[in-house]
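Keep the viewer open as you read.

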Protein chains: 2
Amino acid sequence: MPKNPRDDKPLDPIDLALVRLLEQDGRMSNAMLAREVGIAESTCLVRVRSLRERGVVRGIHADIDPVAVGRPVEAMIAVRFGGHRRSHFEQFTEEVPALPGVLGAFHVSGAIDYYVHVACPSADALRDFVLDHLTNRPGVLHAETSLIFESQRGRGTMTRPEDLLGPSA
Amino acid sequence: MPKNPRDDKPLDPIDLALVRLLEQDGRMSNAMLAREVGIAESTCLVRVRSLRERGVVRGIHADIDPVAVGRPVEAMIAVRFGGHRRSHFEQFTEEVPALPGVLGAFHVSGAIDYYVHVACPSADALRDFVLDHLTNRPGVLHAETSLIFESQRGRGTMTRPEDLLGPSA
DNA sequence: AGTGAAATCGCTTTAGC
DNA sequence: GCTAAAGCGATTTCACT
């Protein structure tokens, strides 16, 4: 996907500032971003485009209240696999994140193999989701569902404090 | 926060279409949104503003690649509480989501009380995070860390298939 | 690489219907 | 809620440092 071979050159403090701003408000205009970080708008345009092309910014998405769109029942489902046939797992990781209501999907180490974060229209729909899409799937040993009482996005930043001002120079 | 008493009136198919578009591309312009859903730009502006005011759209945020910003170690941490002193728990749910690197935090039912999704600069930093911010906290009994091999955002939509076209009429 | 200014483009917003 | 139009602000290009 990345076209530029130098995809891995590290982000400078201005890039990180842009990341932080877009994390907080993904609709901030190029002009305002430029003002905030203290560079020209033209430069800012190039930098933001580059951040997207390099995959630093993977996307900009609205955060939707599940309750408002008829999915008041949120759950975290811990899935255990058996056999670990690679093809089963690959199919799983391909299909599950694309199901409606799925907010996140995590392949993890340890006693649990996979977590699915989902929002459903009802408890019945949640049960059906687990049975139809998780339990009833080759390779799945067990799925344990935890209802989510409260779900919070991270409010902090992904940028590291130690990167914010010139570390070495 | 919501100013309008009729905050709860259900979303019509056009609102849901707007939600779906902004889920996919949070930077889509008002003009393009209007075109896509087939309403006037002025109307679209009012609707989108209303979706934000009603809290249907909670925010629009850049999705950042943790690796690119120096946080290559992702983990899901399962926390168990003891005593369940309300004040401890409230402090926890207030502070943890604001810590740097925290992507999500979930208060759940069942054997586990809380899940924290975090991205850290290193395994050492992850250990420190768990010890400093989770284990070493009043009320926390246990924290079990699962490394995340692969993390995926939901690629589907939060809108419900049954809402997309007139359900009753 | 980054800048600043200019020109184009398109968006937001306000009327009136 | 729509149309139309105006005004404004944005993005983008380009010559230059």
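Start with chain A, which is split into domain 1 (13–54) and domain 2 (66–148); those bounds come from an automatic or database domain assignment. Taken over C-alpha atoms, the centres of the two domains of chain A lie 35 Å apart. Before going further, some housekeeping: this is a predicted model, where local features need pLDDT of at least 70 and side-chain atom pairs count only at pLDDT 80 or more, while totals for chains, interfaces and linings use all residues. Residues are numbered from 1 along each chain as its sequence is written, chains are lettered from A and ligands numbered from 1 in the order in which they are written, and side-chain values use heavy atoms, with hydrogens and water left out.

Now for the pair. Two copies of a chain are related by a rotation about an axis and a shift along it.

How many residues does each chain bring to the contact? Chain A puts in 68 residues and chain B puts in 68 residues, with contact meaning heavy atoms within 4.5 Å. Of the interface residues of chain A, 100% are also interface residues in chain B, so the copies meet through the same surface. Between them the chains bury about 5900 Å², 53% of it on carbon and sulfur atoms; buried area is the accessible area (1.4 Å probe) that two parts lose on being put together, summed over both. On the chain A side, A:Arg27, A:His61 and A:Met158 lose the most area to chain B, together 13% of what that side buries.

Next, the helices, which are DSSP runs (H or I, at least four residues) numbered from the N terminus. In chain A, the axes of H1 (residues 13–24) and H3 (residues 41–53) come within 11 Å and cross at roughly 75°. Axes are lines fitted to C-alpha atoms over the stretch in contact, and angles run from 0 to 180 degrees between N-to-C directions. That makes H1(A) roughly perpendicular to H3(A) (65 to 115 degrees). A:Ile14, A:Asp15, A:Leu18, A:Val19 and A:Leu22 of H1(A) touch A:Cys44, A:Arg47, A:Val48 and A:Leu51 of H3(A).

Over in chain B, the axes of H2 (residues 30–37) and H3 (residues 41–53) come within 9 Å and cross at roughly 105°. H2(B) and H3(B) are therefore roughly perpendicular to each other. Here B:Asn30, B:Ala31, B:Leu33 and B:Ala34 meet B:Glu41, B:Cys44, B:Leu45 and B:Val48.

Conventions. Helix = DSSP H or I, 4+ residues; strand = E, 2+ residues; numbered from the N terminus. Parallel < 35°, antiparallel > 145°, perpendicular 65-115°, else oblique.
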